[in-house]
Amino acid sequence: TSQILFTLCDHAAAVDAAAVTMQYEVAQRLVAAMQDESVDDAVVPENAKFFLDQTADLRQPGYLPSDKFVIWLRRPTENPQTIKFMSAKYELSVTDVGGQDYLQIDWDKNAEGKDGLIYVLPIGDFDQMDQKGRNKLLLGMELFTKICNTPVFARSHVLLMLNKFDLFEEKYNKSPEGLKEIFPDAPGGASCEDALEFLSEKMRALTLQTQTAHTFTTTATDL
């Protein structure tokens, strides 16, 4: 049943969000899937809760999504995309290389000629597993370590974006011990701010001495 949720979210992200209309039977399947006791919350996409809360509206004929609906779709990067920013003196070029396994093959090629690294770590996923049963936060940290050790970034500035802080704060305040299950050295009974600083220090420790790390807290669902 959890596969239904992945399929529905993937399907929603694959179409033009401005024209999405949720069919009644799809909403029924979604609700039934979440009510099934066999569904493991750890493998359910966090955006499933957002859509479930709107079930009544989604069932209405001719329903059109809100701006927040579109944001929560979170369509993954399918191909590297470069965006240029212009200022009075400089031209900045930022390339989104995507995090999918098949895109990682070309990361080295896309990193050539770049002066810095922006890494987005979804800290709100600290209690989430991928479809292979692996913790998403730990996977993100492993990948960050691999990238930091790439020769092309050996002396780069590293901008570390601790993303999905809103989800992290909500989950941590409900169950502070959840983080300690992943990191035994996490401070017990710490405030959310202290827990965030703990994660920040963990991530900075993964960078090289020749790199300069800058840490920021962000949320992907702000309008």
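**Strands, a helix and ring pairs**

Pro-122 stands opposite Asn-163 in S4. That pairing is a handy way into this predicted model, since it belongs to a stretch where S3 and strand S4, residues 157-163, run parallel to each other over seven bridges. Helix H8, made of residues 136-148, packs on the sheet here and touches both S3 and S4. The direction of H8 makes about 170° with that of S3.

Stepping back to the whole sheet, three strands make it up, in the order S3-S4-S5. The sheet is open, and its pairing is parallel. Strand S3 (116-122) and strand S5 (212-217) sit at the edges with a single partner strand each, so one side of each has no neighbour in the sheet. On average, neighbouring strands of this sheet are turned by 20° against each other, with direction ignored.

Now for the rings. The structure holds five aromatic pairs. In one of them, the ring centres of Tyr-119 and Phe-144 are 5.0 Å apart and the planes meet at 50°, so this pair counts as tilted. Tyr-119 belongs to strand S3 and Phe-144 to helix H8, so the pair ties together parts that are 25 residues apart in sequence. How buried are the two partners? Tyr-119 is buried, with a relative accessible area of 8%, and Phe-144 counts as buried too, at 0% relative accessibility. Elsewhere, ring pairs link Phe-126, Phe-165, Phe-168 and Tyr-172 into a cluster.

Strand S1 (residues 81-86) and strand S2 (residues 91-96) pair up in the antiparallel sense, over six bridges. A hairpin of four residues leads from S1 to S2. Within this pairing, Lys-84 has Ser-93 of S2 opposite it.

That leaves Asn-110, which lies in helix H7, residues 107-111. Is Asn-110 buried or exposed? Its relative accessibility is 19%, and because the cut-off for buried is under 20%, Asn-110 counts as buried. Leaving aside residues up to four places away in sequence, Asn-110 touches Pro-80 and Val-97. Along the chain, Asn-110 and Val-97 are 13 residues apart, while in space their C-alpha atoms are 7.3 Å apart.

Notes
Residues are numbered from 1 along each chain as its sequence is written. This is a predicted model: local features need pLDDT of at least 70, side-chain atom pairs count only at pLDDT 80 or more; totals for chains, interfaces and linings use all residues. Side-chain values use heavy atoms; hydrogens and water are left out. Two strands pair if DSSP finds at least two bridges between them. Helices (H or I, at least four residues) and strands (E, at least two) are DSSP runs, numbered from the N terminus. Buried means under 20% relative accessible area, exposed over 50%, partly exposed in between (1.4 Å probe, protein chains only). Contact means heavy atoms within 4.5 Å. Axes are lines fitted to C-alpha atoms, for helices over the stretch in contact, and angles run from 0 to 180 degrees between N-to-C directions. Rings of Phe, Tyr and Trp (its six-membered ring) pair if their centres lie within 6.5 Å; planes under 30 degrees apart count as stacked, over 60 as edge-to-face and the rest as tilted.
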